[in-house]
Amino acid sequence: MRLNLKIWRQTAPNAAGRLEDYVADHVSPDMSFLEMLDVVNEGLVKSGKDAIAFDSDCREGICGTCSLVVNGVAHGPDRGTTVCQLHMRRFKDGETITVEPWRAKAFPIVKDPVVDRSAFDRLIAAGGFVSVNTGGAQDGNCILIPKDVSDLAMDSAACIGCGACVAACKNASAHLFMSAKVSHLALLPQGQVERTRRVVSMINQADAEGFGSCSNEGECEAVCPKEIPISNIARMTREYVRAVTDSRR
Ligand code: SF4
Ligand code: FES
């Protein structure tokens, strides 16, 4: 396959960025999207040009590091798929593909399509621990959790913190990400001690980081590679109302 690429290039956080044209030649349909970019970069390096910076780590859809908007969609056209698991067979020979960064005030561009997602780390730090009794481990059979509840908690824990939900949202809201963390812990007995403090602290931190609020468009759910449902956002809102109401009693 031969593909025409329009890739966002930006040398530094405050430099002007622009879409630049590249040609990716001899692309196998079995290559992943990132492998295709690796080949383009090999060509750039061989000709003495600056390689295109992009984030990746596991390349197996489990770490949340990859972060490209492909043809206007965070993580590209395949539902429930990270861009590292997107394959070139999804595109047609001769097609033009646009590659851009996550665009959100809270995710400033570092270089090319690489953005700084440390705001997510601070959200986790704001709300993400549980208190446990030290000493001998409690017998798991003494902590009874209904199967449907443990399934919901596990599904929420599947969030890989990629930030596609923020990139897809017109408000750059982190609600889907936060609601996955809040739901995961609020549903389980182990998360009850900090349940009230956690949700308030995370939402306050999201405001401080410059993430927007939620207007229920569902764009986040549509691009989430782990298919985290927006029903989690409803649960987080209930948790927040409960926490604020409790604090006023
Ligand atoms: S909710 Fe989905 S899109 Fe958002 S950070 Fe988690 S895995 Fe990524
Ligand atoms: S590189 Fe780890 S999820 Fe894509």
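A residue counts as near a molecule if one of its heavy atoms lies within 4 Å of it, and with that cut-off in mind the tour of this predicted model can begin at the ligand.

Select ligand 1 and display its surroundings: 13 residues surround it, and the closest are Cys159, Cys162, Gly163, Cys165 and Cys224. Colouring this shell by residue class gives 11 nonpolar and 2 polar residues, with no charged residue in the shell around ligand 1. Helix H4 (164-168) and helix H5 (175-186) are the elements that give two or more residues to the shell around ligand 1.

From there, move to helix H6 (residues 195-209) and helix H8 (residues 231-247), whose axes come within 9 Å and cross at roughly 110 degrees. Angles of 65 to 115 degrees count as roughly perpendicular, and H6 and H8 are therefore roughly perpendicular to each other.

To see where the two helices meet, select Arg195, Thr196, Val199, Val200 and Ile203 in H6, together with Met236, Glu239, Tyr240, Arg242 and Ala243 in H8, which they contact. By class, this contact of H6 with H8 has 6 nonpolar, 1 polar and 3 charged residues.

Definitions and conventions. Residues numbered from 1 in each chain as written. Chains lettered and ligands numbered in written order. Predicted model: local features only at pLDDT ≥ 70, side-chain atom pairs only at ≥ 80, totals over all residues. Heavy atoms only, no water. Axes fitted to C-alpha atoms, helices over the stretch in contact; angles between N-to-C directions. Helix = DSSP H or I, 4+ residues; strand = E, 2+ residues; numbered from the N terminus. Parallel < 35°, antiparallel > 145°, perpendicular 65-115°, else oblique. Contact = heavy atoms within 4.5 Å. Nonpolar A, V, L, I, M, F, W, Y, C, P; charged D, E, K, R; others polar.
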